[in-house]
Amino acid sequence: MDIKIKNSININGFSGPSQNYYETKERFKAILETKLNIPTVEVPSSSGDLGANDFMIDLLFQQSRSLGEISNYAAPINNPYANKLAENGLIASSNVREKSKVSASYIDSKLQGTALEGLGSAFKKAEEEHGVNALFLIGLAIHESNYGTSRIAKDKNNLFGFQAYDNSPYSSAKGFKSFDESIDTVAKYLSENYLQPDGKYFNGYSISSIGKKYATDPNWANGIENRIKKLIGM
């Protein structure tokens, strides 16, 4: 018996993932970030296919029987696959020009309940536009303003003690219209003056190298790194 199939018929009857699929996948990614502290990032390949990290997320999502199952996964340190997602570090302290492997929503989850809450997008935007690692910027903001609670931060929206000189820190500190403006301005300043070979204060790309020209406190770099580690639960 001959069987004829019209070319116009979709043999598999598949028109693409449903909206519910994408919504559920986003919830899954949120669980990876907020409950397991696993950073997720979509990195498309040159062909437009899923990047390696997003492919692994999708694979895990497809294999999981329920969101509840994922919520009950062991902590990343006991989960080889989670370790694979998290390896290579969230920040390389030796080069703060490297982009962080965390999303704005991950940052927001870590800053929830603080005066810095809701600034995830601002930190990521500064990272994208000025090439300064978002987690380094957050660590710097936390260190200089105690999570946005310092007098300079409250009165002047200055999260970094920017232009707050030792002999007159409050009066000399620059005022900003918003925290977002503060983040953008300082990221741009760091990029142009500390992270370019022809920059006025260039001394290398590590947190330690920056600190030697940026701060008078000899423990500044260690303080920033410890703030970052505490933030991400390391």
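Author: Axes are lines fitted to C-alpha atoms, for helices over the stretch in contact, and angles run from 0 to 180 degrees between N-to-C directions. Helices (H or I, at least four residues) are DSSP runs numbered from the N terminus. The model is predicted, with local features requiring pLDDT of at least 70 and side-chain atom pairs pLDDT 80 or more, while totals for chains, interfaces and linings use all residues. Residues are numbered from 1 along each chain as its sequence is written, and side-chain values use heavy atoms, without hydrogens and water.

Reader: At what angle do helix 6 and helix 10 pack?

Author: Helix 6 covers residues 120-130 and helix 10 covers residues 179-193. Their axes lie 9 Å apart, and the packing angle is about 25°. Angles under 35 degrees count as roughly parallel, and 65 to 115 as roughly perpendicular.

Reader: How many charged residues does the contact of helix 6 with helix 10 have?

Author: Contact means heavy atoms within 4.5 Å. Ala122, Phe123, Ala126, Glu129 and His130 of helix 6 meet Asp180, Ile183, Asp184, Ala187, Lys188 and Ser191 of helix 10. Ala, Val, Leu, Ile, Met, Phe, Trp, Tyr, Cys and Pro count as nonpolar, Asp, Glu, Lys and Arg as charged, and the others, Gly among them, as polar. By these classes the contact has 5 nonpolar and 2 polar residues, and the number of charged residues is 4.

Reader: Which residues of helix 10 make the contact with helix 7?

Author: The axes of helix 7 and helix 10 come within 11 Å and cross at roughly 115°. The two helices are therefore roughly perpendicular. The contact divides into 6 nonpolar, no polar and no charged residues. From helix 7 come Phe136, Leu137 and Leu140, and from helix 10 Val186, Ala187 and Leu190.

Reader: How are helix 7 and helix 12 oriented to each other, and why?

Author: Helix 12 covers residues 220-232, and its axis is 8 Å from that of helix 7. The packing angle is about 110°. Helix 7 and helix 12 are therefore roughly perpendicular.

Reader: Which helix gives the most residues to the lining of the largest pocket?

Author: A pocket is an open set of points on a 1 Å grid over the protein atoms alone where a 1.4 Å probe fits, with protein on both sides within 12 Å along at least five of seven lines; lining residues have an atom within 4 Å of a point. The largest pocket has a volume of about 600 Å³, and among its 24 lining residues the closest to the centre are Gly161, Gln163, Ala164, Tyr165 and Tyr214. The lining divides into 13 nonpolar, 7 polar and 4 charged residues. With 3 residues, the helix that gives the most is helix 7.

Definitions and conventions
Points joined across faces, edges and corners; volume = space filled by probe spheres on them. Parallel < 35°, antiparallel > 145°, perpendicular 65-115°, else oblique.
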